[in-house]
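The following explanation leads the reader through a structure step by step. Please keep the sequence and the model in view while reading.

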Amino acid sequence: MSGPLLLGVRHHGPGSARAVRAALDAARPGAVLIEGPPEADALLPLAADERMRPPVALLAHAVDDPGRAAFWPLAAFSPEWVALRWALDHGAAVRFVDLPAAHSLAMTGDPTWGDEDDDDTGDGDAGEPSAVGRRGLRLDPLAVLAETAGYDDPERWWEDVVEHRAAPADDPLAPFAAVAEAMAALRETYGHGGNARDPVREAYMRLQLRAARKEHGDDAVAFVCGAWHVPALAARTAVTADRALLRGLPKVRTETTWVPWTHRRLARRSGYGAGIASPGWYGHLFAAPDRPVERWMTKVAGLLRDEDRLVSSAHVIEAVRLAGTLAAMRGRPLPGLTETTDAVRAVMCDGSDVPLALIRDRLVVGDVLGEVPDGAPAVPLQRDLNRLQRTLRLRPEAAERELDLDLRKDTDAARSRLLHRLRLLGVDWGTPERARGTGTFRETWRLRWEPELHVRVAEAGVWGTTVLSAATAKAEADALAATALAEITALAEQCLLADLSEALGPVMKALADRAALDADVGHLARALPALARSLRYGDVRATDTTALAEVATGLALRICVGLPPACAGLDADGAAEMRGHVDTVHTAIRLLPDADEVAARWTAVLERLARRDTIPGALRGRAARLLLDDGRLAEDEAARLMGLALSPGTAPAEAAAWIEGFVGGAGGPGRDGSGGMLLVHDERLLALVDAWLTAVPAEAFTDVLPLLRRTFSAYEPGVRRTLGELVRRGPAEGGGAVLAGAGAPGFGTGLDEARADGVLPLLDLLLGRRRADDDERVGVDR
Amino acid sequence: MTVPGTTEDHRAETGADALRPHAEDAFAHELRALAAADDRPRPERWRLSPWAVATYLLGGTLPDGTVITPKYVGPRRIVEVAVTTLATDRALLLLGVPGTAKTWVSEHLAAAVSGDSTLLVQGTAGTPEEAIRYGWNYARLLAHGPSRDALVPSPVMRAMADGMTARVEELTRIPADVQDTLITILSEKTLPIPELGQEVQAVRGFNLIATANDRDRGVNDLSSALRRRFNTVVLPLPETPEAEVDIVSRRVDQIGRSLDLPGAPEGIDEIRRVVTVFRELRDGVTTDGRTKLKSPSGTLSTAEAISVVTNGLALAAHFGDGALRPADVAAGILGAVVRDPAADRVIWQEYLETVVRERDGWKDFYRACREVSV
């Protein structure tokens with residue numbers, strides 16, 4: 001063999017990883033070069049630490065702007081990781097030799113290097129950092145090769161020809177030679193394929209390769225890189241030309257560290273385009289010593305059994321057979337993920353996609369979480385936090401102290417946001433206390449920095465590099481994971497408090513989805529008040545709450561539709577609970593913006609509740625009362641409804657429940673004793689209640705007594721006394737229609753207008769109202 | 001005395017053949033061409049290789065230029081899994097709501113694999129064991145005593161003896177105890193005849209295709225023992241709204257012509273709307289993918305959409321101005337959606353209030369629906 005060993009791989013390809021290991025074992029090079037940021041060289045020994053468990057990612061970020069960062073994720077089945085571990089285990093020198101992150105990060109966001117998309121195109125090269133944003137059309141070298149071979153799916157083609165094919169035992173280098181040849185043909189036609197940064201990176205890599213060859217000898221160097229780069233590395237170019245390409249590159253100060261990674265984030269659809277859809281499957285292919293399909297099916301069967309589905313060994317056998325036959329029919333060398341999935345669906349899942357979703361989530365993607373030893377440098381999130389603590393003059397102290405914030409001041413508002421964001425991230429530095437004084441613009445926090453919070457910050461580092469981005473990502477993930485509606489509404493409230501406007505969209509989407517699927521009106525009713533409250537907070541903090549208002553209105557409409565059927569046929573406890581919901585919804589609906597239409601609908605719902613016989617008495621009574629208080633129900637009509645509810649045909653217990661609903665005040669936590677005033681003021685209603693009560697038969701009386709006692713004992717003592725006196729005096733003359741004619745107990749009937757006028761001057765004085773003859777009057781009278 | 005032209009037409013329509021020829025007859029030339037072009041290995045007693053069977057169903061062009069018409073328009077994966085299942089000697093269960101071409105697929109599969117789609121057991125609530133195992137010719141039985149000559153084999157038995165594909169339609173309509181007679185056949189591949197002390201052993205090439213409706217109420221669920229013997233393939237509803245609108249309008253047109261209803265090309269908007277409503281409620285999400293919905297208990301199959309539109313057309317023709325209006329379909333939709341009067345009604349009203357009400361151009365429909373809903 002002559003010259004360095006160029007191992008062109010597909011990033012995160014298990015077959016490539018296996019081939020790399022075989023090739024390294026055969027060639028035993030003295031130095032291994034890997035495509036990756038050279039700043040991370042100092043961190044390489046950490047990879048040998050036994051507490052280091054992939055998937056992990058190399059993270060490089062700009063020192064003064066932790067938001068500008070890039071990740072190089074590595075899984076156990078990544079060829080780079082395999083090469084790295086091989087070198088460390090065999091005492092070979094190992095170095096990262098891609099363009100330094102100092103340059104690549106500086107280029108990101110620099111318009112002259114307008115190709116900032118991370119390329120995760122098959123094996124093209126995913127070693128390029130997964131930076132933010134992706135645009136522009138790039139050549140996908142795999143797609144070209146696959147199309148040439150007559151495949152419509154590049155991934156499948158690569159799997160068929162490379163991943164699923166074991167390298168011949170006698171020549172472990174053969175696959176690399178073939179891949180290099182194919183790539184060379186492509187590069188001849190397409191050049192650098194639309195990525196302007198590639199020539200620069202390749203020039204840098206060539207220079208590094210030259211230096212390594214000088215140091216370790218021509219044959220003792222192995223280079224692991226994306227297959228796409230192999231032809232460029234093999235090309236003979238002048239050193240000066242390469243140097244010229246590298247001159248004058250922009251540069252920023254950077255720091256690197258290892259961060260734990262997860263399979264979910266390796267998966268393409270989770271947003272960080274590392275470039276593979278099925279990390280769990282790849283991990284399995286890499287880890288399985290033999291018979292990968294059989295082992296996979298056994299794993300699937302195990303998972304399904306844990307979920308209480310009947311899956312026997314016969315199922316596994318049939319699934320393996322079906323997958324094999326399918327692969328043969330489709331002309332593939334081995335069953336791939338598509339074949340195994342089809343077979344699992346037909347044999348183990350009765351053709352249903354529901355258990356398949358579970359398999360996809362737990363096995364195909366997988367729950368694997370990486371670990372990083374404590375010795376790894378601090379994550380950028382910590383730096384961002386330090387910076388924020390400095391600018392906001394909020395020092396972390398072990399001693400507990402209280403902090404009062406006035407949200408109208410900019411600094412205080414920023415402090416509040418920071419504390420709320422940290423709480424979202426599980427860094428409970430501050431806990432909110434009940435605010436002193438009144439007004440929604442005040443907050444009181446209890447601050448205490450404990451040493452383990454550093455650990456929490458490090459853990460939260462997986463979510464992002466700045467407090468803002470991490471909190472946003474965490475909130476979005478929480479919204480997806482939340483199961484109860486109330487959890488999401490609480491989350492929405494937190495997002496508003498923490499001013500995470502970007503997270504609010506996904507949270508609202510999750511909320512709307514959950515609300516749409518939740519069939520329990522009670523859940524919806526519990527969620528609405530928090531939303532209405534959030535809308536008010538939003539006003540204080542001047543955040544955009546249109547989406548929130550939309551969701552809240554949708555929620556209210558759903559409640560209006562679902563409430564009447566849900567109220568029918570409830571028992572006493574259920575009715576009491578529902579009554580609480582009716583009250584909270586009634587209050588919340590009035591807080592919604594543009595509430596007219598919703599309120600009209602709500603009124604219609606209340607009217608239905610008040611008039612329908614199948615609804616429990618407590619609810620009917622409550623609905624009638626709410627309508628009466630809102631002026632939507634005439635007093636005559638209220639009297640008629642009460643008469644109906646209390647007529648002799650109704651069971652006494654039901655009638656007593658109606659009374660409780662009607663005059664018993666608001667249900668739920670905010671119970672008050674105000675309900676009784678109605679009876680004090682409307683003698684007609686009191687007379688109806690009185691007449692009904694005296695007509696209750698003796699044997700039924702003991703049954704309704706507890707209910708009535710509960711209703712009336714909640715009244716304030718004054719109201720109770722007045723009512724008692726009213727009842728003792730008996731019905732007033734003249735039908736009691738005119739309040740003035742009745743008079744309060746202990747007073748004469750009728751009004752003495754002259755004496756009543758006497759209080760007016762003092763009232764005016766108290767209320768600050770001035771009248772023309774004010775001054776004299778006050779003066780003279782005294 | 002006949003007019004020459006009409007005689008010609010007459011003969012062309014009815015022909016000498018049956019009203020509805022079997023698949024293997026109707027597409028005989030395609031099957032012949034495929035068999036000629038097919039050089040891949042065939043399982044024993046298969047007329048075609050699995051690949052050719054898949055091509056027969058999905059359509060394509062052969063090297064000699066013969067065009068194979070697609071019999072099934074849908075995901076390729078489904079057909080491949082179905083054909084492969086038959087090749088692995090596991091029985092195939094085709095599941096799906098009404099109108100997803102289950103019977104059609106099973107007939108064509110049998111025609112392509114065995115060249116015979118007539119070994120058919122139609123499942124009903126009254127299907128007896130004899131229909132699946134064997135019956136007796138009682139005259140012969142009384143005259144000559146029990147013998148193979150007195151035995152009347154079922155289609156399944158014949159398929160076993162000849163190594164052919166048997167079909168069982170509407171498997172879940174068959175009473176559970178009768179269904180279970182299939183277990184021995186599918187697991188032991190043999191059918192004992194205790195009366196004669198004999199058995200019929202299935203020869204290679206025998207397999208069974210069953211179809212069943214997976215969302216109907218009041219069917220006899222398969223026992224888990226029987227279910228284990230099947231590979232299940234669920235035939236999906238049409239993937240895109242356009243495909244479904246196309247199917248609905250084509251069928252409505254055919255039915256309308258036979259009922260002498262005026263064709264209503266301007267009704268296409270209404271058909272689109274019906275299909276949209278059905279799809280959205282079925283899928284539990286709006287077409288724009290932005291709002292989730294609850295799904296009602298009804299199946300809301302394409303077949304039901306067809307009947308809603310046909311009903312609407314009849315209403316419009318006999319009581320309206322002839323054009324299909326929102327009001328004509330509203331009642332039909334309500335009937336199809338609200339199967340469970342309590343839960344489904346809430347779902348329907350939520351849908352009306354949160355989705356239909358705010359949609360542009362759906363005001364009339366919303367009003368019509370509210371009128372019939374209250």
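Two residues are in contact if their C-beta atoms, placed from the backbone, lie within 7 Å. Between the two chains, the contact takes 26 residues from chain A and 28 residues from chain B. On the side of chain A that touches chain B, the elements giving two or more residues are helices H13 (313-329), H14 (337-347), H21 (501-517) and H23 (546-567) of chain A. H13(A) gives the most, with 7 residues. By class, this side of chain A has 14 nonpolar, 5 polar and 7 charged residues. Here Ala, Val, Leu, Ile, Met, Phe, Trp, Tyr, Cys and Pro count as nonpolar, Asp, Glu, Lys and Arg as charged, and the others, Gly among them, as polar.

This is a predicted model, in which local features need pLDDT of at least 70 and side-chain atom pairs count only at pLDDT 80 or more, while totals for chains, interfaces and linings use all residues. Residues are numbered from 1 along each chain as its sequence is written, and chains are lettered from A and ligands numbered from 1 in the order in which they are written.

Chain B contains 18 helices and 11 strands; helices (H or I, at least four residues) and strands (E, at least two) are DSSP runs, numbered from the N terminus. Among contacts in chain B between residues at least 6 apart in sequence, 68% join residues at least 24 apart.
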